[in-house]
2 protein chains.
Amino acid sequence: MEEVKLHGTSYNLFTYRVIWALKLKGIPFEYLEEEHSNKGSLIMKYNPAFKRFPILFHGEKVISESMVIIEYIEDTWPQNPLLPIDPLDRSIARFWVKFAGDKVYACIGTMYYTSGEKQEKAIKETIEMLKIIEEQVFIGDQENKFFGGEKIGIVDLAFGIIPHWLEIIEDIIGVKLLEPNLFPNLLNWVQNFKEEQIIKENLPNYDEMFVFLKNQRELILSSS
Amino acid sequence: MEEVKLHGTSYNLFTYRVIWALKLKGIPFEYLEEEHSNKGSLIMKYNPAFKRFPILFHGEKVISESMVIIEYIEDTWPQNPLLPIDPLDRSIARFWVKFAGDKVYACIGTMYYTSGEKQEKAIKETIEMLKIIEEQVFIGDQENKFFGGEKIGIVDLAFGIIPHWLEIIEDIIGVKLLEPNLFPNLLNWVQNFKEEQIIKENLPNYDEMFVFLKNQRELILSSS
């Protein structure tokens, strides 16, 4: 079997998504931590279009962008599938992966890296976005722990910023968005997700990440 | 065979992408034109997360978001494949589909719906984005008419806004971006794409689209 190496950065959801996918598939891999400021040769050689980690090396093959990497993992190692088999179910999963990619990070990121009026507007937009997830994605199907089943799949990985990351961000900016009375379905899923062994064992340390994200926010606010 | 119906809006690249994909696959379908201002029942029922067309009905099944629809079409009708079979080639195709989704429309849209300094900044960003396509996507491989082969595939469909749409936008805002000396590879691909029978026969009328886009731009600029 060809060697699998994942280059990523700490506290980074996009890196963790791929770690989770590889672990869920049971694929042995080496993880190599890169510096956050590293826009050096590796990035410029292998992902000059987006200039970011993670990057997966599978023997001589190189793949970047977290959800593209996850589809590659799915195409290459069919065991413990992350996508359903039925074309309609696949399209529903891909629809929510697109929603996560287009809306979730944009909303949370804007809320996190702004202040004052801009932040208030972004908080409202984030709540609207979370309501869509509450009402349309994790709709409180008692039979399913995760999106569409008993096992974590690609949609759960796509929404992986909500458990842990969003909770830390709430604590830093002092705003509680995930209220139990507003988001019972979503919070039920958050709990299921965090209780899963592979997720629990592969989450950044709360305190370290709190300090890292807080510093990053202050740096960006002071330079804007 | 279950009936296929596509609901879309005129002059809309996202609608045309799906028309092209269905025609390339040789799938008979009925096209139903929707009003641009229609945020009515169909959208709110079937795509409330994004609130936009196109929407594909395949019998009782409903799929929305153009690239999600194209992956559904590929999963459902394997003839005339739009994606390569090899996992690495698939990941490269999906990488550029993601680039098109994240960068191409954002850049061109911002350039189109702004004026003055904001527009100048957006024009520069659009040129940088087009350079990435020139140097990394359509790299002047003399053997290939399209991305990775002799036949139009998912990457060509994803970049489908560049032929026709971007050319009309250039004419409206009076800025020429696609200079032959700067973008020989990209312009070569544009020509191949527009000469393909199915594309040629399924493009919005230049003059009508010019008027439509010009009015839309003026409306947005006057209300911002």
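Which side chains meet in a salt bridge at 2.8 Å, N to O? Let's find out in this predicted model, where local features need pLDDT of at least 70, side-chain atom pairs count only at pLDDT 80 or more, and totals for chains, interfaces and linings use all residues. Residues are numbered from 1 along each chain as its sequence is written, chains are lettered from A in the order in which they are written, and side-chain values use heavy atoms, without hydrogens and water.

**View 1. A salt bridge between the chains.** The side chains are those of Asp75(A) and Arg90(B). A salt bridge here is a side-chain nitrogen of Lys or Arg within 4 Å of a carboxyl oxygen of Asp or Glu. The rule finds six salt bridges across the interface of chain A and chain B.

**View 2. The side of chain A that touches chain B.** β4 (61-64), α3 (66-76), α4 (87-112) and α5 (116-137) of chain A each supply at least two residues; helices (H or I, at least four residues) and strands (E, at least two) are DSSP runs, numbered from the N terminus. With eleven residues, α4(A) gives the most.

**View 3. The two chains in contact.** Here 28 residues of chain A contact 28 residues of chain B, with contact meaning heavy atoms within 4.5 Å. The copies meet through the same surface, because 100% of the interface residues of chain A are also interface residues in chain B.
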